[in-house]
Amino acid sequence: MTPSQTSAAEVNIENIRSIQGIEYGPSEPVQMSQSRIDLFAEATGDLQWIHIDPVRAADSVFGSTIAHGFLVLSLIATFNQQLVTISGAASRLNYGLNKVRFPSTAPVNSILRGYTTLSSAESVRAGTQLVFELKVVAEGVEKPVCVAEFISLVPGIHLSDEA
């Protein structure tokens, strides 16, 4: 771990800015099993062979099936909540994404972990908007398999203007 990285944060919403710029992680590991990939394919209708046909995928440039990018993306809210626990707020909503990229693929059976950094916290009309820089890495894969700017909303709570 680097000096600017710790395993997880527990912070009151009123003090949320105190963790800004600090990377937290890794999250709990998640294995990208073929059954998980197949269930996602079935649920979304994305049945491309590179995800669900191990025999054909073995002859591809990837050498195996790979997880759907959107399957990997769907894990970021869970990873973020594992890594940053916020007290003093009744709820925290997934508000959206500003940027999402998939710099690398997640091979079948790879182990994924998330890392998160709060990049901003500001009061908005509905409450407090939190913007996190989130990355998902796979063991043995050089580049992250997903990087995203993830937005959470803490409804009804407004921070003071002091940064």
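Tutor: Contact here means heavy atoms within 4.5 Å, and keep in mind that this is a predicted model.

Student: Why is S64 called buried?

Tutor: Buried means under 20% relative accessible area. S64 has 17%, so it counts as buried.

Student: And what makes N109 partly exposed?

Tutor: The partly exposed class runs between the buried limit of 20% and the exposed limit of 50%. N109 has a relative accessibility of 43%, so it lands in that class. You'll find N109 in the loop between β6 (93–101) and β7. Its backbone is worth a look too: phi of N109 is near 70°, a positive value in a residue other than glycine. Most residues other than glycine have a negative phi.

Student: How do you know that the bond joining G25 and P26 is cis?

Tutor: Check omega: it is about 5° there, and the peptide bond is cis. P26 lies in the loop between β3 (23–24) and β4 (30–31).

Student: What about the largest nonpolar core: which members touch the most others?

Tutor: That core has 37 residues, and I16, I19, V72, L112, L130 and V136 touch the most other members. Its largest share, five residues, comes from β8.

Student: What is V136 in contact with, beyond its neighbours within four places in sequence?

Tutor: Its contacts include V72, I76, F79 and L112, along with P144, V145 and C146.

Key. Residues numbered from 1 in each chain as written. Predicted model: local features only at pLDDT ≥ 70, side-chain atom pairs only at ≥ 80, totals over all residues. Heavy atoms only, no water. Core = buried A, V, L, I, M, F, W, Y, C linked by side-chain atoms within 4.5 Å. Buried < 20%, exposed > 50% of the residue type's maximum accessible area, 1.4 Å probe, protein only. Helix = DSSP H or I, 4+ residues; strand = E, 2+ residues; numbered from the N terminus.
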